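User: I am new to this structure. Please take a close look at one helix and what surrounds it.

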Amino acid sequence: MQINSHLRPAVFLDRDGTLIKHVHHLCSPEQVALEQGASEALCLLQEAGFVCVVVTNQSVVGRGMLSVEGLKAIHDKMEQLLSTQGARVDSIYFSTHVPHTSDLREVEYFDRKPGPGMLLRAAQDLGLSLVKSWMIGDSISDVLAGANAGCKGSCLLKTGLYSLECQDCSQISFLASDILDAAQIILRQDSISI
Ligand SMILES: [Mg+2]
């Protein structure tokens, strides 16, 4: 893959169990609560020059449990909570596909993690360098989406959907206790200048 110096590095962030507390089939803005350290992590990463892009699987929409407008209301609430703490995300991508497999490692849809589609689309839209970018999430499907997109590395969080079964995956670069720990790990690995 060609490395274009004008392309920006990104950190791709899972939503549920990473930026906000994991709630099974979250369908209401009232259920949105930030994970500890989320705002600080975003601020640290953006100060260091990383574009922060949320990539989230939202099969609740495909299942007919939530409209796209309802999903946007949830994201508005998340961004409102972040802004009260002086933080923001740069962009949000979501996939509405409903999986038929329970295997989190199987790419069933290009756009649904572990498929790389959302990350590739964001890279195209926002001028991002995938080889300079990282993925943070609490599921093996997050780690694999980053790897399938050609990211530099990944941090798997020991929150939310994390399980010990994930530890046998060679694509995990680092295990982190939470999103802030992951951000600090990435910053230690990267001495980037924009
Ligand atoms: Mg998650």
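Analyst: Exposed means over 50% relative accessible area, buried under 20%, and partly exposed in between (1.4 Å probe, protein chains only). This is a predicted model: local features need pLDDT of at least 70, side-chain atom pairs count only at pLDDT 80 or more, and totals for chains, interfaces and linings use all residues. Residues are numbered from 1 along each chain as its sequence is written, and side-chain values use heavy atoms, without hydrogens and water.

Helices (H or I, at least four residues) and strands (E, at least two) are DSSP runs, numbered from the N terminus. Helix α3 spans residues 68-84, 17 residues in total. From first C-alpha to last it reaches 24 Å, close to the 24 Å expected at 1.5 Å a residue; that expected span is 1.5 Å times one less than the number of residues.

Now the buried side. In α3, Gly70, Leu71, Ile74, His75, Met78 and Leu82 are buried. They lie on the same side of α3 because they cover an arc of only 145 degrees around the axis. The arc is taken from the directions from the helix axis to the C-beta atoms. Their cover includes α1 (38-47), β2 (51-57), α2 (59-62) and β3 (91-95), with contact meaning heavy atoms within 4.5 Å.

Met78 also belongs to the largest nonpolar core, which has 35 residues. Such a core joins buried Ala, Val, Leu, Ile, Met, Phe, Trp, Tyr and Cys residues through side-chain atoms within 4.5 Å. Leu19, Met78 and Ile136 have the most contacts inside this core. Leu19 touches Met78, among others.

Just after α3, Gly86 takes a positive phi of about 75 degrees.

Key. Lists of a residue's contacts leave out its neighbours within four places in sequence.
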